[in-house]
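Here are my notes for you to read alongside the model. Take them one point at a time and keep the 3D view open.

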Amino acid sequence: QATQTSQVVQVNGGGQSLTANNMMPVTKRNPKDYIFGKVIGEGSYSTVYLAKDIHTNREHAIKVCEKQQIIREKKREQVRREKDALNILSNSGSSLFVKLYCTFQDAERLYFVMSYAKNGDLLPYINKVGSFDSACTRFYSGEILRALEHLHDLNIMHRDLKPENILLDHNMHIKVADFGCSKILEQPADAVDNTILDENNPRPRSNSFVGTAQYVSPELLTEKTISPSSDLWALGCIIYQMIAGLPPFRSRSEYMLFKKILNLDYVYPDGFNADAKDLVQKLLVLDPNERLGTKDDQRYTSIRSHPFYKGLDFDTLHVTTPPPIY
Ligand SMILES: Nc1ncnc2c1ncn2[C@@H]1O[C@H](COP(=O)(O)OP(=O)(O)OP(=O)(O)O)[C@@H](O)[C@H]1O
Ligand SMILES: O=C(O)[C@@H]1CCC(=O)N(CCc2ccc(Cl)cc2)[C@H]1c1ccccc1Cl
């Protein structure tokens, strides 16, 4: 039984009975409604295709997940979280996230029809230029901050924020993707989930380790506390990486990497922008409650008003032409 978010398509003269405003009523989507093109990318249990909707002629990214693979990789929970988070975001009116148009399934696969981010993800742009100039760093970290404000306002945490999950649309504006590690807080009180080891379940109550090693926050490594502040730690890592070209914490061994994170063991290269350094130092704070922004509500005003963002108008970023990355 396919499921889908409600969607109407442009009338196509198909002679179908039309709704009052001349739109075709919602019809169950299935793979035959799309022309599948090239593979855009692969995940651990998914393949993403470029596809064209034959009714609207629109291009989409369709994430196809093999059910067998999901079961083998024990990723049902991730699939669930991704769908729930994308559903909430797709109806929330923000253009800073990948939109989920509809989902359906057949015997072997799950299908997620999403907006297509034509310009891939942020990482190759950082690697290509080695270091973003201040205008680029301000613009792109500013868009990520706006996305986090929107996300946290909806009580959703991403928990795996990294350049690879910051996609870019045809206008080079960001589209935050990959909500497989996200967490939807039932109510703000859950914000700090002090995991308790109950005697008959030796494993911590909250789910296992999430995110990607280089960007994971110290509290996720130790108490497994769940708070939006973990995304602010990741933002600090990304701002550092935009300027330095590499993330702040690096090691070949995951154990050494975690040690560096927990000891705040990282350095700033010479010439690192002084204002950006001050901002990063206020985000890469071990105590999640002491990070810049954790005491703000609705908007991260204490981050917006940091000297690094002097002169940046956050509220028109999404309609501003992004600065060229060179
Ligand atoms: N809406 C999209 N538009 C453009 N590219 C996309 C889109 N969604 C995903 N991709 C690309 O497809 C690749 C695979 O994405 P997918 O979400 O399937 O797996 P992943 O999240 O990268 O990996 P994993 O499942 O292991 O976390 C990603 O690297 C991403 O760059
Ligand atoms: O949650 C939903 O919206 C429906 C509910 C009905 C349904 O059967 N599915 C698929 C559930 C599912 C998840 C993982 C595997 Cl491996 C198999 C089935 C869900 C589903 C359908 C299409 C795409 C994704 C999902 Cl989670």
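Which residues does isoleucine 174 touch, leaving out those up to four places away in sequence?

1. Isoleucine 174 touches Ser95, Leu96, Tyr140, Glu143, Ile144, Ala147, Ile166, Leu167 and Leu168. Touching, or contact, means heavy atoms within 4.5 Å.

2. Before you go further, some ground rules. This is a predicted model, where local features need pLDDT of at least 70 and side-chain atom pairs count only at pLDDT 80 or more, while totals for chains, interfaces and linings use all residues. Residues are numbered from 1 along each chain as its sequence is written, and side-chain values use heavy atoms, with hydrogens and water left out.

3. Now the core. The largest nonpolar core has 75 residues, and Ile174 is among those with the most contacts inside it, along with Phe132, Tyr140, Ile144 and Ile303. Its largest share, ten residues, comes from α6. A nonpolar core is a set of buried Ala, Val, Leu, Ile, Met, Phe, Trp, Tyr and Cys residues joined through side-chain atoms within 4.5 Å; buried means under 20% relative accessible area, exposed over 50%, and partly exposed in between (1.4 Å probe, protein chains only).

4. Next, salt bridges: a side-chain nitrogen of Lys or Arg within 4 Å of a carboxyl oxygen of Asp or Glu. The whole structure has 15 of them. In one, lysine 63 pairs with glutamate 82, with the closest N and O atoms 2.6 Å apart. That pair links strand β3 (residues 59–66) to helix α2 (residues 76–90) across 19 residues, and both partners are buried.

5. Here's a contrast to check: is lysine 162 buried or exposed? Lysine 162 is buried yet has no salt bridge, and the nearest side chain of opposite charge, aspartate 160, is 4.1 Å away (Lys and Arg count as positive, Asp and Glu as negative; His and the chain ends are not counted). Its side chain does meet that of threonine 212, at 2.8 Å, in a polar contact.

Key
Chains are lettered from A and ligands numbered from 1 in the order in which they are written. Helices (H or I, at least four residues) and strands (E, at least two) are DSSP runs, numbered from the N terminus. A polar contact is a pair of N or O atoms within 3.5 Å; within protein, one must be able to donate a hydrogen and the other to accept it, and residues adjacent in sequence count only if both atoms are side-chain atoms.
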